[in-house]
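Here are my notes for a first pass through this entry. Please read them with the structure open beside you.

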Amino acid sequence: MIDLLIRQVNLPCGRRNVDIAIHEGRILEVGPNIKAEAHQVLSHPGCLVTPPFVDSHFHMDSTLSVGQPRLNDSGTLLEGISVWNELKPDLTVEAIKKRAIELCHWSIARGTLAIRSHVDVCDDRLLAVQALLEVRKEMQAFIDLQLVAFPQDGYYRSATGKQNLLRALDMGVDVVGGIPHFERTRASGDRSVTALCELAADRGLRVDMHCDENDDPLSQHIETLAYETHRLGMQGRVTGSHLTSMHSMDNFHASKLLPLIREAGVHVVANPLINITLQGRQDNYPKRRGMTRVKEMLNAGINVAFGHDCVMDPWYSMGSHDMLEVAHMGLHVGHMTGVDEMRQAFSAVTYNGAHALGLEGYGLNPGDNADLVILQASTPIDALRLRAARLEVIRRGKVLARTSASLPQLLITPAPTPVSFSRDLM
Ligand SMILES: [Zn+2]
């Protein structure tokens, strides 16, 4: 007698009408017509099952704080940083935890079971670090949280950025962060990249930097990040987040950088909702989109994931932590409407994110963790088009969240058949 059997579902790889057998928190078997007795059977014929969504870039310390102490009137990145700095003195561990746990509940309901969150270490009290370490522990049965020590005000530029980042790592933060384009000079930005990569190499940690998050084609710290990753033998353990300057960069220089990023195995995280709203702000017309060169990176063999970045915080008032919304926006901003490109947009919030975070046991093969989401859609493209309902969210074989299928009925006569928006496209 096995724990759970899921009947007649489709998989992102294109397999159709298969069953999934689950026992003791792991996937036992995937195939047609599995003959097994199960304690629980879930039947969603023709629906897509995917491994959970992964948010590769988020800020859980500031989430759900919108309006505190005031709204961001201009909606710009720099005013967002000012509002956050006004809020920081009034932060408490309890308030940060309450908001972060509520966000985790939103995430789980939407099928996201892993989040990498940056945590600002430029407040000497490190309240946000303490709060999010507690949230990571309290929520670990339900969601994987990875924390990045993020010197928001600069590793060198802020008086205590360097020592606070070390303290945060000593407290148990997982990943080394950075913000080279915000240091005082280009040279000190590059020096921060070198120092932070060496620190991570010494401690055996991963790196994830906010890197070149601006419209300045001369902001090129990604070159140093790829160089240091290669020099220190950290291939596959380093992420460049945002890289929006590459949107504006000289094409020749971008064509030099892509193979270097690929060679160093640096993962890239784009944040489409935030990049499209915060970049290009000083442009008249035409306005740049600002998101990095996602399509070209994927074609160059670079692992690209999408992050949500912000939900209802000083930088972004919108959002409900829905990674399908993120992928939907990424597809549009990146001109990714080719059939394979649409599938890649889905991977950017699932498999590619898991790869960037180094998650173990992620996937739909026998032996993988029984973490999966059943969607009210037949294919990944259909799921993106509809931002489909997450019918069941399952972790280690247990259902954590359930959403009813949405089935509108037209009240016109003569009565039509019930409306289903689901359509197969490949
Ligand atoms: Zn960020």
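1. H247 is partly exposed, at a relative accessible area of 27%. That value falls between the cut-offs of under 20% for buried and over 50% for exposed. Keep in mind throughout that this is a predicted model. H247 sits in helix α7, which spans residues 245-248.

2. What does H247 touch, leaving aside its neighbours within four places in sequence? The contacts are R288, R289, G290, M291 and R293. H105 is another matter: its C-alpha atom is separated from that of H247 by 34 Å. Along the chain, H247 and H105 are 142 residues apart.

3. Turn next to the metal. Which residues supply the protein donors of the zinc ion? They are H57, H59 and H210, each through NE2, and D309 through OD. These donors lie 2.1 to 2.6 Å from the zinc ion. The spacing of the donor residues in sequence is H-x1-H-x150-H-x98-D.

4. The zinc site has 4 donor atoms, and the angles among them run from 86 to 179°. The site is classed as irregular. For reference, the ideal angle for four tetrahedral donors is 109.5 degrees. Water is not among the atoms, so sites may look incomplete.

5. H57 and D309 link distant parts of the chain, 252 residues apart. H57 belongs to strand β6 (residues 53-59). D309 is in the loop between β13 (304-306) and α11 (323-333). Are these two residues buried or exposed? H57 is buried, with a relative accessible area of 0%. D309 is buried too, at 3%.

6. Strand β6 deserves a look of its own. It is mostly covered: 7 of its 7 residues are buried. β6 pairs with β7 in the parallel sense, over 5 bridges. In this pairing, the zinc donor H59 stands opposite H118 in β7.

7. Now widen the view to the sheet. It is an open sheet of 8 strands with parallel pairing, in the order β6-β7-β8-β9-β10-β11-β12-β13. β6 and β13 stand at the edges with a single partner strand each, so one side of each has no neighbour in the sheet. Further along the order, β11 (residues 238-242) and β12 (residues 267-270) run parallel and are joined by 3 bridges. S241 stands opposite V269 of β12.

8. α3 lies across β7 and β8 (144-150). Its direction is at about 165° to that of β7.

9. Which residues of helix α4 (residues 161-171) are buried? They are G161, N164, L165, A168 and L169. They cover an arc of only 140° around the axis, so they lie on the same side of α4. An α-helix has 3.6 residues a turn, so residues three or four places apart point the same way. The cover over the buried residues of α4 includes α3, β8, β9 (175-176) and α5 (186-203). Just after α4 comes G172, with a positive phi of about 120°.

10. Most residues other than glycine have a negative phi, and most peptide bonds are trans. N17 is not a glycine, yet its phi is positive, about 60°. N17 lies in the loop between β1 (2-9) and β2 (18-23), and it counts as partly exposed at 47% relative accessibility. L126 also has a positive phi, near 50°. L126 lies in the loop between β7 (112-120) and α3 (127-138). At 2% relative accessibility, L126 counts as buried.

11. Finally, look at two proline bonds. Q68 and P69 are joined by a cis peptide bond, with omega about -10°. P69 is in the loop between β6 and α1 (77-87). The bond from T413 to P414 is cis as well, with omega near -5°. P414 is in the segment after β16 (398-402).

Conventions
Residues numbered from 1 in each chain as written. Predicted model: local features only at pLDDT ≥ 70, side-chain atom pairs only at ≥ 80, totals over all residues. Heavy atoms only, no water. Donors = N, O, S within 2.8 Å, 3.2 Å for Na, K, Ca; no water. Tetrahedral: all angles 85-135°; square planar, octahedral: opposite > 155°, others 65-115°. Helix = DSSP H or I, 4+ residues; strand = E, 2+ residues; numbered from the N terminus. Buried < 20%, exposed > 50% of the residue type's maximum accessible area, 1.4 Å probe, protein only. Pairing = 2+ DSSP bridges. Contact = heavy atoms within 4.5 Å. Axes fitted to C-alpha atoms, helices over the stretch in contact; angles between N-to-C directions. Arc of directions from axis to C-beta.
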